[in-house]
Amino acid sequence: MSSSVISVISRFLEEYNSSTSTKLKVVDAYLLYILLTGALQFLYCLLVGTFPFNSFLSGFISCVGSFILAVCLRIQINPQNKAEFLSTSPERAFADFLFAHTVLHLVAINFVG
Amino acid sequence: MHTAHVFKEGVLDIFFSGTPAGWQSLLSFTILFLAWLAGFSSRLFAVIRFESIIHEFDPWFNYRSTHHLSTNGFYEFLNWFDERAWYPLGRIVGGTVYPGLMVTAGLIHYLLNLLNVTVHIRDVCVFLAPIFSGLTAISTFLLTRELWNQGAGLLAACFIAIVPGYISRSVAGSFDNEGIAIFALQFTYYLWVKSVKTGSVFWTIGCCLSYFYMVSAWGGYVFIINLIPLHVFVLLLMQRYSRRLYIAYSTFYIVGLVLSMQIPFVGFQPIRTSEHMAAAGVFALLQAYAFLQYLKDRLTKQEFQTLFFLGVSLAAGVVFLTVIYLTYTGETPNLPDSVCFRYAKIHIPIIASVSEHQPTTWVSFFFDLHILVCTFPAGLWFCIKNINDERVFVALYAISAVYFAGVMVRLMLTLTPVVCMLSAIAFSSVFEHYLGDDMKRENPPAEDSKEGLGPNIKSIVTMLMLMLLMMFAVHCTWVTSNAYSSPSVVLASYNHDGSRNILDDFREAYYWLRQNTDEHARVMSWWDYGYQIAGMANRTTLVDNNTWNNSHIALVGKAMSSNESAAYEIMKSLDVDYVLIIFGGVIGYSGDDINKFLWMVRIAEGEHPKDIRESDYFTPQGEFRVDKAGSPTLLNCLMYKMSYYRFGEMQVTLDFRTPPGFDRTRNAEIGNKDIRLKHLEEAFTSEHWLVRIYRVKKQENRQALDHKLRNVAAKQKYTSKKVCIA
């Protein structure tokens with residue numbers, strides 16, 4: 001059972017390496033980085049406690065938000081999904097990404113207290 | 001002659017040379033403008049008949065807060081602690097109010113004054129709701145256009161501009177949250193539908209910002225944050241998952257979450273209370289579903305199955321650990337809390353006593369919506385027949401709104417927009433079918449075929465529909481004029497010859513208070529009038545319409561229900577200077593304090609069951625009577641005495657067969673005519689005895705003792721038996 005899981009995962013990684021373009025791999029690396037940052041923040045909160053709660057929430061939600069927005073960007077610039085996003089060019093997707101991040105971080109700065 | 005004819009043709013050509021699309025947009029603009037104008041004017045009845053004044057009770061508090069905002073600035077407003085309400089407790093206004101309404105009015109006032117258009121803040125507040133009704137019409141147009149087509153959108157805009165269900169809470173003078181909240185609701189839903197259709201992050205962020213405005217405006221934002229996840233969940237169930245949906249909902253949830261927590265009143269509720277858990281649950285579900293879709297695209301079926309099994313067991317483990325952690329730290333979201341609101345309604349007297357919380361009758365549905373309530377199921381059927389992602393949304397909106405409107409009269413307001421939209425869809429489909437030339441359609445029926453409708457039936461149906469719409473317009477205007485345009489601060493009655501008799505007792509009394517009492521005087525009254533006293537008389541009150549502290553209200557209720565001496569003790573402990581009551585016996589006003597008295601007793605009994613018993617105030621036969629046969633506890637309580645003081649001598653009607661002291665509201669001659677007050681004295685009674693104000697007398701100085709009694713017997717000298725050790 002476990003060997004099949006490992007073989008599945010290794011096959012998946014191989015296929016991932018070969019079939020995804022560099023552009024998407026960069027976005028995926030960024031996603032991994034955000035994930036690790038968020039996990040670190042959560043771990044810190046578990047260890048040290050939740051005071052001040054609004055600061056923790058602000059940082060954590062900012063991480064989750066950045067992750068989600070990067071996933072949305074990845075979906076929109078993936079050439080395999082072009083049929084679904086005819087009117088959204090990759091440049092427009094990136095511009096939306098920047099706009100969303102501005103709003104997200106302005107609110108996060110206001111919330112961090 | 002020939003040249004003149006050519007010239008005329010040329011001029012006409014210039015006028016009518018536009019493209020059909022151009023005419024369409026001009027027509028749309030004109031119709032929307034007229035809808036705005038109609039909505040605005042329809043709400044002005046009260047202002048024209050009386051004056052530009054804030055109505056009802058709650059708007060007075062909103063007006064007072066907006067006034068505080070405009071004079072002292074935004075940060076002062078956000079950090080305002082009001083010590084002139086709920087004496088001696090005070091109220092943290094900044095943290096217990098939805099600031100959207102005040103900030104909107106304050107901002108408009110600031111901008112206008114910046115342009116040197118000197119408008120008073122009261123006028124901005126009075127006319128804010130009619131102006132926003134026009135904006136609501138426009139956002140309803142946009143939403144319906146996304147759902148169906150432009151014709152339906154225009155119909156929907158016209159419907160919502162004049163429909164009584166919405167007008168009831170947004171007349172000029174009704175300065176309340178719903179006035180701007182319905183606009184924010186419709187606009188948020190429009191942006192949500194747009195973002196699901198396009199899958200663009202830009203529209204989703206717009207939706208989040210509009211959601212933020214809605215959260216700041218009204219507590220009803222919970223409806224949005226539950227309807228949108230429900231929509232996503234139902235789409236998942238219907239196998240309509242798409243990447244656009246994932247982008248729209250994930251971005252909306254996260255950015256909307258952090259935006260909604262910026263309002264101090266909302267605070268951390270979005271991640272703690274059960275009303276918000278549905279949104280979080282659907283968010284997690286959507287992430288899992290999207291990730292699984294991604295893997296499914298990449299792996300074969302068997303590989304996918306092994307990974308799926310592993311994933312599910314991991315997820316179950318994580319959920320199990322989280323539940324253990326949450327129960328250990330005691331932070332479980334309280335699911336029964338919100339579900340039990342219906343049961344709380346029966347058991348907590350304050351919630352049950354509010355008239356707006358009663359269940360809705362069939363009459364209200366027809367009264368508020370007229371033919372729209374009959375045609376909106378047809379629109380719902382059309383939407384379901386031609387289903388797509390956004391029509392699922394409107395179907396869910398309709399079903400949930402109908403349920404809530406059936407529970408509480410107040411929630412008829414959330415039903416009104418969706419009824420307008422669906423009826424517009426129904427009417428639009430009918431008109432499309434029966435109006436217009438069959439030949440100009442996309443697939444015209446062949447010549448001589450039996451398909452296609454005869455011109456007779458087409459014109460009959462069209463005529464009938466137009467008649468229905470005209471009756472709707474007449475009904476709406478009549479309802480607005482008669483039922484929803486009363487300021488309730490000023491009462492008007494009409495004599496036999498049609499002339500108007502204005503009863504301005506409330507304002508007379510509040511202004512007397514304002515001008516003849518000390519600035520720091522404290523006024524005790526029942527909680528209904530708290531906001532008006534604070535707004536118009538500018539005096540400190542004990543309890544007001546916010547009703548956040550049940551025991552404080554119960555104390556006031558106990559004071560009103562007890563006899564004079566016991567009440568005096570309570571009034572002394574609360575530093576009361578004046579007591580204000582409403583008495584309708586002289587003119588037959590049925591909303592006075594004696595009619596509300598049993599609620600005071602019930603609320604007091606809830607907190608002080610040993611001192612106050614409701615059954616004491618009824619006759620042995622179980623009737624509530626104010627005449628001689630009334631119960632002695634009732635005839636001696638403070639409220640009775642204050643209401644009927646000096647009333648026994650008054651000849652109420654011109655007809656001398658009715659005895660003096662005849663209460664026109666209860667239709668009974670009062671029992672106790674010779675009332676003497678020991679600890680209170682009458683300070684003011686308004687012209688028609690509607691408002692009566694009493695001053696609480698200070699404690700008397702102790703009586704001077706007779707000389708003989710002042711002699712103190714000589715005490716025995718006390719010698720200590722202790723030995724002094726030097």
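## A salt bridge in chain B to start with

(With a 1.4 Å probe and protein chains only, buried means under 20% relative accessible area, exposed means over 50%, and partly exposed lies in between.) Its partner in a salt bridge is B:Arg613, and the closest N and O atoms of the two are 3.6 Å apart. B:Arg613 is partly exposed as well, with 37% relative accessibility. To count as a salt bridge, a side-chain nitrogen of Lys or Arg has to be within 4 Å of a carboxyl oxygen of Asp or Glu. The idea behind the rule is that side chains of opposite charge can pair when their charged atoms come close.

A word on what you're looking at: this is a predicted model, where local features need pLDDT of at least 70 and side-chain atom pairs count only at pLDDT 80 or more, while totals for chains, interfaces and linings use all residues. Residues are numbered from 1 along each chain as its sequence is written, chains are lettered from A and ligands numbered from 1 in the order in which they are written, and side-chain values use heavy atoms, with hydrogens and water left out.

How many salt bridges turn up over all chains? A search of the whole structure gives 34. One of them pairs B:Glu178 with B:Arg410, at 3.0 Å from N to O. These two sit in distant parts of the chain, 232 residues apart: B:Glu178 is in helix α10 (residues 177-198) of chain B, and B:Arg410 is in the loop between α22 (389-407) and α23 (412-434) of chain B. (Helices, H or I with at least four residues, and strands, E with at least two, are DSSP runs numbered from the N terminus.) B:Glu178 is buried at 2% relative accessibility, whereas B:Arg410 is partly exposed at 31%.

Another pair is B:Arg692 and B:Glu682, with their closest N and O atoms 3.2 Å apart. B:Arg692 counts as buried, at 0% relative accessibility, while B:Glu682 is partly exposed at 23%. There's also a network: B:Glu146, B:Lys194, B:Lys197 and B:Glu390 are joined by salt bridges that share partners.

## Where the two chains meet

Chain A and chain B each put 37 residues into their contact, where contact means heavy atoms within 4.5 Å. The size of an interface is often given as the accessible area lost when the parts come together. For this one, the two chains bury about 3300 Å² between them, and 73% of that is on carbon and sulfur atoms. (Buried area is the accessible area, found with a 1.4 Å probe, that two parts lose on being put together, summed over both.)

Between the chains there is 1 salt bridge: A:Glu84 meets B:Arg243, with the closest N and O atoms 3.3 Å apart. Five helices of chain B each supply at least two residues to the side that touches chain A: α11 (201-217), α13 (243-260), α14 (269-272), α15 (277-298) and α16 (301-329). The largest share, 11 residues, comes from α13(B). That side of chain B divides into 22 nonpolar, 10 polar and 5 charged residues. (Ala, Val, Leu, Ile, Met, Phe, Trp, Tyr, Cys and Pro count as nonpolar, Asp, Glu, Lys and Arg as charged, and the others, Gly among them, as polar.)

## Cysteines on their own

A disulfide is a covalent bond between the sulfur atoms of two cysteines. The cut-off used here is a pair of cysteine sulfur atoms within 2.5 Å, and the structure holds 0 of them over all chains. For A:Cys72, the nearest cysteine sulfur is that of B:Cys208, 11 Å away. Is A:Cys72 buried or exposed? A:Cys72 is buried, at 0% relative accessible area.

B:Cys374 is exposed, at 52%.

Two peptide bonds to proline are worth a look. The bond from A:Phe51 to A:Pro52 is cis, with omega near -15°, and A:Pro52 sits in the loop between α2 (22-48) and α3 (53-77) of chain A. The bond from B:Tyr87 to B:Pro88 is cis too, with omega near -5°.

Then there's phi. B:Gln239 isn't a glycine, yet its phi is positive, about 60°; B:Gln239 is exposed at 67% relative accessible area. B:His370 also has a positive phi, near 50°, but B:His370 is buried at 9%, in the loop between α20 (362-369) and α21 (372-385) of chain B.
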